[in-house]
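This briefing goes through one structure, topic by topic, for a reader who has the sequence and the model at hand. Please look over the entry below before reading on.

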Number of protein chains: 2
Amino acid sequence: MECITSRNNEKIKYACSLKKTGAQGSDAVLAEGLRLCADAAANGVEMETCFLTAKWQQDPEAQKIIAASRSVYLIEEHISEKLADTKHPQGIFCICKKPTAVHTVDTKGKYLFLENIRDPGNFGTMMRTAEAFGLSGIMAYGCCDAFSPKVMRASMGAVFRFPVIEVADENDFLAGLTAAGMQLYCSVVEADAADVGILAGKQGIITAVGNEANGLSESIITRGTRITIHMSGRAESFNASQAATVMMYEMAK
Amino acid sequence: MECITSRNNEKIKYACSLKKTGAQGSDAVLAEGLRLCADAAANGVEMETCFLTAKWQQDPEAQKIIAASRSVYLIEEHISEKLADTKHPQGIFCICKKPTAVHTVDTKGKYLFLENIRDPGNFGTMMRTAEAFGLSGIMAYGCCDAFSPKVMRASMGAVFRFPVIEVADENDFLAGLTAAGMQLYCSVVEADAADVGILAGKQGIITAVGNEANGLSESIITRGTRITIHMSGRAESFNASQAATVMMYEMAK
């Protein structure tokens, strides 16, 4: 196994460039950590390059990642720190191809539509939660990069398994799906909106959740049924990701 | 208004010490940002010192914080960066006394019990969400410091408003409350556990959620009724904070 000792190695510089840009515009991403790399390998993601520190050479889990990778390099601790997005890196990284599967919408399915979610932790957590609830997929418009290191980590690997449909024109896209018979529900903070409980048991639905600070845009809200979480507390202060969790919980019923 | 220009000023060093230790062991905390400082002032928290950059001098919201603070100092941008826990600081900070209110348990109330929650973002989000759902309070055993900068920010000020009861001996504490007639429910990932829906409409209940990686300890689980979120997806992969959100949603019904 070839060992990389220089921080100026071209492969290391390329890997870091994927991290810096969040890999937007590239067809490859840099996955960090045992679990994320293992999730990529287990889900048939094309694994270009694996970088690992010496301690991983005999690890049984790491063996599967090594076996799945086209090329593998041993790296020193200081290179691991350069590649890392975390403070205490585990010392295992993979350059993977982004999944290229084209996801079609099941008009009898259950989807979460996200508009301008900007916090990587929120976006990743919503992917993880949507997968946990068995939703059909996420539709994302104007959200942060699904393959940035923080989103991938917060998703706990869901980014490699769960359908995320990138939407270019949200109005056209939603108009098409409602014309095809799907029901759109829009999460708002308004006392006279319908209760989130009406989502239970429905098929062919899309629940839209908006930006952390500004909520959903008016043009989306007017297309659907307004729903809200009716509670006795200070409901205006729900985090977008917590509100989405309640919506998905009712959808999954 | 006195202006502090040196990073070695004693007041600045003291403020930074509160940030570094997460203020554990001290009776004061360093709050950062307009919203958190305003929340502290609005909730009658004792405000020792306010530090702010020049741009805040004429801000109407900042005036309330200035009025509530015993002493106020103008700081230069580079001092703001030193005080800050965030990358892009707003330039307003307060040294506040920790709220000293002693919270008693309402045995007819609804509580979230947290065991060893270690992620500051999770802990703060759970406070915010518990407040949003109108719960009676949070009971915290072995959790990260409620007054660390990250927890305070994620709580969106709930840390200054919402009852958080620090528990020293969880077994004794819960034994006392169940003896007083409260019902304990323990969140687990087990298919044969009762559905989370049984929490709806109940009074005098405590729902326990455990550590992010290890869940609840056996000694707690054996004291209560095991509950779980029954869903078709990969429910094992719920984040502790998302699972707690669903629990609280049912409790608040």
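In this predicted model, the domain assignment of chain A gives domain 1, spanning 3–97, and domain 2, spanning 110–252. The centres of these two domains of chain A, taken over C-alpha atoms, are separated by 31 Å.

**Contact between the domains of chain A**
- Across the boundary, 14 residues of domain 1 of chain A are in contact with nine residues of domain 2 of chain A.
- On the side of domain 1 of chain A that touches domain 2 of chain A, the elements that give two or more residues are β2 (28–32) and α2 (34–42) of chain A, and the largest share, four residues, comes from α2(A).
- By class, that side of domain 1 of chain A has six nonpolar, three polar and five charged residues.

**Relation of the two copies**

**Nonpolar core**
- The largest nonpolar core has 164 residues, and of these Leu112(A) and Leu112(B) touch the most other members.
- If its neighbours within four places in sequence are left aside, Leu112(A) is in contact with Met126(A), Ala130(A), Leu135(A), Ile138(A), Thr207(A), Val209(A), Ala244(A) and Met248(A).

**Helix α5 of chain B**
- Helix α5(B), residues 120–132, has 13 residues and reaches 18 Å from its first C-alpha to its last, which is close to the 18 Å expected at 1.5 Å a residue.
- Twelve of the 13 residues of α5(B) are buried, so this helix is largely enclosed by the rest of the structure; among the buried residues are Phe123(B), Met126(B), Met127(B), Arg128(B) and Glu131(B).
- The cover over the buried residues of α5(B) includes elements from both chains, namely α9 (240–252) of chain A together with β6 (110–115), β7 (137–141), α6 (149–154), β8 (164–166) and α9 (240–252) of chain B.
- Following α5(B) is Gly134(B), whose phi is positive, near 75°.

Note on methods:
Residues are numbered from 1 along each chain as its sequence is written. Chains are lettered from A and ligands numbered from 1 in the order in which they are written. This is a predicted model: local features need pLDDT of at least 70, side-chain atom pairs count only at pLDDT 80 or more; totals for chains, interfaces and linings use all residues. A nonpolar core is a set of buried Ala, Val, Leu, Ile, Met, Phe, Trp, Tyr and Cys residues joined through C-beta atoms within 7 Å. A residue is buried if 20 or more other C-beta atoms lie within 10 Å of its own, exposed if 12 or fewer, and partly exposed in between; C-beta atoms are placed from the backbone. Two residues are in contact if their C-beta atoms, placed from the backbone, lie within 7 Å. Domain bounds come from an automatic or database domain assignment. Ala, Val, Leu, Ile, Met, Phe, Trp, Tyr, Cys and Pro count as nonpolar, Asp, Glu, Lys and Arg as charged, and the others, Gly among them, as polar. The expected span of a helix is 1.5 Å times one less than its number of residues.
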